[in-house]
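Try each task before reading its solution.

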Amino acid sequence: MGIKKSKINVFIGPTGSGKKEVALRMLKSNSFLDVFDIRLQDKSLKQILSLQTQSTKKQKEALQMIGFSETDQNRLLKTLSQGELQRFSIAYTLCSKCDSYIFFHPSVGLDARNKQSLIKLFRLLKTRYHKTIVIVSHDSNWIHQFADFLFVVYNSNVVFSGTSYDLFTNQDLCRKYQIKRPDIIEFEDFVLKKKGKRLGYRNDIKDLIKDIYRNI
Amino acid sequence: MMNSYSIKLEKQQFSLVSNEWTCLTGPVGSGKSKFLHNLTKKENVKNFFPQEKVVYLSDRTFFPQEKVIKTLLMNVEDQKIIEKILKLFNISSLSTLFHFEPSIGMCQVLLFLYYYIQHPTVFVLDHAFSMIDPYHKEKLLTWFKKECKKNHQTVLFTSLEAEDLLYADQIILYAEEQIKFIGTRKEFYQEEKLVSQYGLEYPFDVELYHKLKYYNVFKRPIYNRERMIEHLWESKNQK
């Protein structure tokens, strides 16, 4: 039940289930940026990134990757919006020399467009740089689109591990561990229940539309 | 109790319907939080919500753990409500929370309860439930909305989660520090261009309707899952 190397691993579970602790324990890491840390609020983005790397080039690259401009590096942390904070914490992680990256609830405070950009970024880190990605999130609609491997955490224990398909098609398991299934899966099950028609297992709404068009 | 609150702030003007839920949505960095923060400044509360008890709760509100837990423990009047909500989150005894650091999601639940038992008439909630998992958030918000109706409370909340729009009676689209749209939820569902322009999304069934409508299968908007499927099957049989 270890974390899969060069894959996108997601820890999911209800509020207070201990996802963060379990993920850190399994990754054997303690290094992450707490963007809510009051001591960092009056520091500029550049100053905070310097905690990870002294290389200005690397700092600029990381900021660019998450859509910040060069002038943004002089902004103070406290001036960032919730979504910008999320993106900045990702830039901070990217500045490190690690092979594994851990992200806590990276989709919180992001709009749909930025959530999609983040998926592209994770895929890039995985495929081009062969990095191991660990994400703690309960945004099942979002993680369903890209997670390679899922760990369900309940009462500070991993109670299930497997693919998105294994987890989300198992309605009883999701109910037992209080996980909201992705809407697309709920919809497919609803069609099966009401009309006895099985649509394919899809993680993209565009593919679902094609299925509906083909079948109906 | 007023029927609506007339708000004029930062060159923006709109009416907030009392006893209803209004969602302020918009792309990342559009200034929603700043707007709400300004709205809840003492002088603005006095101007826009005269004689109302307003609480402002954001995802950055400081969480004084001991004070919050002590207040909740000592509250007698709403003890049943507190117990009900905590039970929802699998917490049988509030006092156990003294001994460990709750997760951010749990802090949001406790902070919400802390403010809820102050019986405000207006809630201003800035991403106040952002770290709560969707399974529990759905249950919490469904309960909260019912309570607000019963107690004549008004809610203005920000969220970027498409599914949270389902709780709103009125929606304000705020982008580039301006109000771009204001209207009912159903009216908002017809603003497909605006929603896509600002990189937002609709709740799943609404999104599905907008994608399917290009196949000319609907004569009028259908946002209900069951009705949508029935309609699709009917049109299939007609063919």
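The model is predicted, so local features need pLDDT of at least 70 and side-chain atom pairs pLDDT 80 or more, while totals for chains, interfaces and linings use all residues. Residues count from 1 along each chain as its sequence is written, with chains lettered from A and ligands numbered from 1 in the order written.

**Exercise 1.** Work out how H3(B) and H5(B) cross.

Step one: take the axes (lines fitted to C-alpha atoms over the stretch in contact, angles from 0 to 180 degrees between N-to-C directions). Those of helix H3 (residues 65-74) and helix H5 (residues 104-116) of chain B come within 10 Å and cross at roughly 55 degrees. Step two: that makes H3(B) oblique to H5(B), since angles under 35 degrees are roughly parallel, over 145 roughly antiparallel, 65 to 115 roughly perpendicular and the rest oblique.

**Exercise 2.** Is B:Ile69 buried, partly exposed or exposed?

Start by counting: 18 other C-beta atoms lie within 10 Å of B:Ile69. Next, apply the cut-offs: 20 or more is buried, 12 or fewer exposed, in between partly exposed, with C-beta atoms placed from the backbone. So B:Ile69 is partly exposed.

**Exercise 3.** Find the strand order and the edges of the sheet in chain A.

First, the order: five strands make an open, mixed sheet, S2-S3-S1-S4-S5 (chain A). Pairing takes at least two DSSP bridges between two strands. Then the edges: S2 (100-104) and S5 (157-162) of chain A each pair on one side only. Lastly, S2(A) and S3 (residues 132-136) of chain A run parallel, joined by five bridges.

How values were computed:
Helix = DSSP H or I, 4+ residues; strand = E, 2+ residues; numbered from the N terminus.
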